[in-house]
Amino acid sequence: MLLGETGPWTKPEALITSRKVYAAAHVAPKVLGSNTPGSPADIDWDATLAFRHELWSWGVGIADAMDTAQRGMGLDWPATQELIRRSAAEAAGIATAERTLRDLLACGAGTDQLDPATVEPGAAGLDAVLAAYREQIAVVQESGAKVILMASRALARVATGPADYLHVYSTLLAEVREPVVLHWLGTMFDPALAGYWGSEDVDAATATFQELISAHADKVDGVKVSLLDAAHEVRLRAALPAGVRLYTGDDFNYPELIDGDGEHHSDALLGIFAAIAPAASTAMQAYDAGDPVRARAILDSTRELGLHIFEAPTYYYKTGIAFLAWLNGFQPGFAMVGGLHSGRSVAHLVQLFRLADAAGLLLEPAVAADRMRTFLAGAGIAGPSEIGAGL
């Protein structure tokens, strides 16, 4: 296999300041664990935490226990609690006055310990959602990490309109100790979240979202929007109260959204940044150095890879994140909790390999080539001629 060179990536020598960036990290399972569909997650903690230290070494924060870590798709609540506590303990060990634990780590608090099928619309259902959120918020707050209020499948089931969303979120924002990140996840990432904020109409939902933020701006660090709609994000970004960040969750259009429009720019809380951390970090360093042209060029060079990893069905993007981590030597086997490594086809992963190579994101090309040969052999592919030239 003739591969290109790794990109000209550099680790930062100082704190990244031009953008606030979090990479949403995945989890690595035990190779011999029973990580089959429906089984409790059996996590390789050494590999999982080592990957977090790798991301931190590039100067980015980590968004943990999010959908990238397979919340609602294999990562159960008991394992999630342990992940939050372990990641926070690691972050506490490297936190400084300049780079606090909250800068290093933000963790998702949701309601996934609650089976949506067991709750019905009405006051009792809303109380059950609140109790579930409170339990998870307490775990994150006790760890010292920043809270990300994740979207709730249970709330989407029981809410009868915008007022129910405002009631639940307003109650929680009044109770949290420190400002949180509000997470709006689109149906391309989770179809169960249809009609979130009380309407299928995005403009009507946005009005409710903005009403909530305006009423509680002092408790909102920022909002993460994952709708894959750049124009919508630009409008929302411009309308946010002063001091409230827009953390882009747009894994398709992140280069232009992070770059900005001359007046506003987005910060980032992205699954793709776990895959492209060396390039993303180098781009952020270029922004810090006053070279936005180079920064944008670097981000643009990763776009095709991002579009491929997050192609429909988008909720299986985690498979590509884990595959690239395996290729780069960050986990011992290509496996995922819940058996989700089967979420993408061989052809998809072959193209991912090619695009990662083209973007200079195979950090040790010889290791990646050897692992790719192993993967192809296991898939029953005898040689490059079966999948096209160039491999």
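In this predicted model, the largest cavity has a volume of about 110 Å³, and it is one of 2 cavities of 30 Å³ or more that the structure holds. Its lining is made up of 15 residues, of which Phe51, Ala274, Ala275, Asn328 and Phe330 are the closest to the centre. At least two lining residues are supplied by each of the helices α1 (45-57), α10 (272-275), α11 (277-288) and α14 (317-327). By class, the lining of the largest cavity comprises 13 nonpolar residues, 1 polar residue and 1 charged residue.

The largest pocket contains about 500 Å³ of space. Among the 27 residues that line this pocket, those closest to its centre are Arg71, Gly72, Met73, Asp112 and Arg153, and the elements that contribute two or more residues to the lining are α5 (153-158) and β5 (180-185). The lining of the largest pocket is divided into 12 nonpolar, 8 polar and 7 charged residues.

The largest nonpolar core consists of 120 residues, and those with the most contacts inside it are Leu149, Leu155, Tyr169, Leu182, Tyr196, Val223 and Phe273. Helix α4 (residues 123-143) provides the largest share of this core, namely 8 residues.

Side chains of opposite charge can pair when their charged atoms come close, and in the present model the count comes to 17 salt bridges. One of these joins the side chains of glutamate 82 and arginine 86, with an N to O distance of 2.8 Å. Both residues lie in helix α2 (residues 77-94), where they are 4 residues apart, or about one turn of the helix. Glutamate 82 is partly exposed, with a relative accessible area of 32%, and arginine 86 is likewise partly exposed, with a relative accessible area of 32%.

A further salt bridge connects the side chains of glutamate 256 and arginine 303 at 2.7 Å, N to O. Because glutamate 256 is placed in helix α9 (residues 254-259) and arginine 303 in helix α13 (residues 303-309), this pair ties together parts that are 47 residues apart in sequence. Glutamate 256 is partly exposed, its relative accessible area being 26%. The side chain of arginine 303 also meets that of aspartate 300 in a salt bridge of 3.2 Å, N to O, and aspartate 300, at 32% relative accessibility, counts as partly exposed. Through salt bridges that share partners, Glu256, Asp259, Arg296, Asp300 and Arg303 are joined into one network.

Several features of the backbone were also noted. Most residues other than glycine have a negative phi, and most peptide bonds are trans. Tryptophan 197, by contrast, has a positive phi near 70°; this residue is located in the loop between β5 and α7 (202-215) and is buried, with a relative accessible area of 0%. Leucine 228, which is not a glycine either, has a positive phi of about 55° and is found in the loop between β6 (220-226) and α8 (230-239). At 18% relative accessibility leucine 228 counts as buried, since the cut-off for that class is under 20% relative accessible area. The peptide bond from alanine 312 to proline 313 is cis, with omega near -10°, and proline 313 is situated in the loop between α13 and α14.

Serine 34 occupies the loop between β1 (21-24) and α1 and is partly exposed, with a relative accessible area of 47%. Not counting residues up to four places away in sequence, serine 34 touches Ser39, Pro40 and Asp42. The C-alpha atoms of serine 34 and glycine 338 are separated by 8.6 Å, although the two residues are 304 residues apart along the chain.

Methods. Residues are numbered from 1 along each chain as its sequence is written. This is a predicted model: local features need pLDDT of at least 70, side-chain atom pairs count only at pLDDT 80 or more; totals for chains, interfaces and linings use all residues. Side-chain values use heavy atoms; hydrogens and water are left out. A nonpolar core is a set of buried Ala, Val, Leu, Ile, Met, Phe, Trp, Tyr and Cys residues joined through side-chain atoms within 4.5 Å. Buried means under 20% relative accessible area, exposed over 50%, partly exposed in between (1.4 Å probe, protein chains only). On a 1 Å grid over the protein atoms alone, a cavity is a set of points where a 1.4 Å probe fits but cannot get out, and a pocket is an open set with protein on both sides within 12 Å along at least five of seven lines; lining residues have an atom within 4 Å of a point. Grid points are joined across faces, edges and corners, and a volume is the space filled by probe spheres set on the points. Ala, Val, Leu, Ile, Met, Phe, Trp, Tyr, Cys and Pro count as nonpolar, Asp, Glu, Lys and Arg as charged, and the others, Gly among them, as polar. A salt bridge is a side-chain nitrogen of Lys or Arg within 4 Å of a carboxyl oxygen of Asp or Glu. Contact means heavy atoms within 4.5 Å.
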